[in-house]
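Here is a short report on one protein model.

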Amino acid sequence: MRIVLLGPPGAGKGTQAHRLADYFDSRLISTGDMFRRNVRQETSLGLKAKSYMDSGELVPDDVVIDMLFSELDKSPNGWLLDGFPRTLAQAEALERGLEERGRPLQAALQFVIPDEATIARLAGRRVCRRCQRTYNVEVKPPRIEGVCDACGGELERRSDDEPETVRHRLEVYWRDTAPLVEFYRDRGLLREVDAVGEVEEVTRRAIGALDDVPDRT
Ligand code: AMP
């Protein structure tokens, strides 16, 4: 399947993206994870992205779009995108690129959640340094404190989860990314999921919302 996941920072997209990718046996492509990998490895792409990420700004469209398409072309048949598109220019580039490849997008899944809930979630979020799985010290703690259940890697707080940066990321979301909801609604691709609730319950809702997407596995 070819779907994009939308929603504000802290909506639980990353957690749900892993669970949906497992369920549908699809490749998960997260632009945020790709950037963080590049920052850690100090590649030229990472150096370009770092200052934007640290201040909660978006990385420029041309940089993201090039990176994304080189990754999409490795998995032409199916993927879930987490963190892309984030602007109308990115959504339009994705639409054009997929049309050229004869494999249009099948759905855009929007995780709906109030800002107050996302701010609280981001404060407790911890991410595995090795496999990027996310946890929450309040609502989804790992079995052993500070250690990833899946790979044993060390958990850390993301530098852009500091409260000031979180507030700015939410502003950027409402300014640049929220208009994509209408973009995908106009194309009949939008599916909305209530993202407030237990992780398992939200996954069940998300799978249900994708019920009518052809070739789901
Ligand atoms: P995320 O993990 O999706 O919250 O992304 C973390 C940061 O990476 C964002 O705050 C941006 O600085 C950058 N980033 C990730 N995806 C994109 C994108 N599609 N467009 C621009 N910047 C992005």
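## Overall dimensions

Along the principal axes, the C-alpha atoms fill a box of roughly 45 × 40 × 30 Å.

This is a predicted model: local features need pLDDT of at least 70, side-chain atom pairs count only at pLDDT 80 or more, and totals for chains, interfaces and linings use all residues. Residues are numbered from 1 along each chain as its sequence is written, and side-chain values use heavy atoms, with hydrogens and water left out.

## Chain content

The protein chain has nine helices and eight strands. These are DSSP runs, numbered from the N terminus: helices are H or I with at least four residues, strands are E with at least two. Of the 217 residues, 50% count as buried. Buried means under 20% relative accessible area, with a 1.4 Å probe and protein chains only.

Contact means heavy atoms within 4.5 Å. Among contacts with a separation of 6 or more, 70% come from residues 24 or more positions apart.

## The sheet

Five strands form an open sheet in the order β2-β3-β1-β4-β8, with parallel pairing. Two strands pair if DSSP finds at least two bridges between them. The edge strands are β2 (27-30) and β8 (190-194), each pairing on one side only. From one strand to the next, the twist averages 20 degrees.

## Strand β1

Strand β1 covers residues 2-6, and five of its five residues are buried. Both faces are covered: R2, V4 and L6 lie on one side, I3 and L5 on the other.

Four bridges join β1 to β3 (residues 79-82) in parallel. Here I3 stands opposite L80. β1 also pairs with β4 (residues 107-112), again parallel and over four bridges. In that pair, V4 stands opposite A108.

## Helices α2 and α4

The axes of α2 (residues 31-40) and α4 (residues 61-72) come within 11 Å and cross at roughly 100 degrees. That makes α2 roughly perpendicular to α4, a label for angles of 65 to 115 degrees. Axes are lines fitted to C-alpha atoms over the stretch in contact, and angles run from 0 to 180 degrees between N-to-C directions.

From α2, T31, M34 and F35 make the contact; from α4, V63, V64, M67, L68 and E71 do. By class, the contact has six nonpolar, one polar and one charged residues. Ala, Val, Leu, Ile, Met, Phe, Trp, Tyr, Cys and Pro count as nonpolar, Asp, Glu, Lys and Arg as charged, and the others, Gly among them, as polar.

Methods. Angles under 35 degrees count as roughly parallel, over 145 as roughly antiparallel, 65 to 115 as roughly perpendicular and the rest as oblique.
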